[in-house]
Amino acid sequence: MQYIRILIVVTAIISLAGVVLSGCRCQIKHPQTAFCTHNYVIKVMVKRIKENLAENGYKQYLSKNYNQFTVLFRRMPKKIILSRTYKIKILRVFKSSKKFKQGNIKKVMTPGSYKSCGVILKKNRVYILAGDVINTELWIDGCSWVQEFKSLTKQNLIGLSKKYKQNCNCQIKHCTGRNCRHHQENCEFRHEIWGCYRDYGICDHRKHSGSCHWKQNKDFYSCIKKSNRKLRRNKKKRKV
């Protein structure tokens, strides 16, 4: 009976500590896909950060009543952050399912650790956040599009202002090797040169043909050319 009680308590604690023990896995998502699929896309400044902690009483209770678990819980983190709340100021609204206005002060939630898909933002920094509304609360996680605004490229800014929204009927998909064949409704990207597509690619819907293609621009093709050249050099080195 005592063993069952211990097992129940330990199971509860492991569940509580899931923010520390679990993993975060996301598919690669192009900024255009993020724009089209998330509930909101906003430019914000982080004003305040709050850590929402789990209560620590469970640790003291177990170490007092079940000495055999004392060593185990010494290895537990001193604090378990269940979630973080970011107080943000909205600088610009690109997309929203709620009524946001420039200058609004809002709260954005995220899981408490990187392993549980939490996102770490820094105070007084400006970001693009593409996230979802869950039970009237704004949420972001490791699968959201979260990027410091100053790192955005010219093509990212063009996409945010109009191009991403105009082309939401196009799909952007990953492909490899011989599978990289053009499909009319898709724009495809190769993982090894993903950065070029992320930073400079806009998947454009052509009205006259109804097909989707990567929009031609100098930066995009220059990046792909340089990346392919680098890949060929590395391939030759491996053969040697």
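Start inside: the largest nonpolar core has 15 residues, and Tyr40, Ile42, Ile88, Val108, Leu121, Leu129 and Ile140 have the most contacts within it. A nonpolar core here is a set of buried Ala, Val, Leu, Ile, Met, Phe, Trp, Tyr and Cys residues joined through side-chain atoms within 4.5 Å. Now colour strands E1 (40–53), E2 (81–95) and E4 (126–134), the elements that each give two or more residues to this core. E1 gives the most, with 4 residues. (Strands are DSSP runs of E, at least two residues; helices are runs of H or I, at least four.)

You're looking at a predicted model, where local features need pLDDT of at least 70, side-chain atom pairs count only at pLDDT 80 or more, and totals for chains, interfaces and linings use all residues. Residues are numbered from 1 along each chain as its sequence is written, and side-chain values use heavy atoms, leaving out hydrogens and water.

Next, select Glu51 and Arg84. They form a salt bridge (a side-chain nitrogen of Lys or Arg within 4 Å of a carboxyl oxygen of Asp or Glu), with the closest N and O atoms 3.6 Å apart. Glu51 sits in strand E1 and Arg84 in strand E2, 33 residues apart. Arg84 counts as buried because its relative accessible area is 12%, and buried means under 20%, exposed over 50%, partly exposed in between (1.4 Å probe, protein chains only). Glu51, at 34%, is partly exposed.

Last stop: helix H8 (residues 218–239), where you'll find Lys237. Lys237 is exposed, at 62% relative accessibility.
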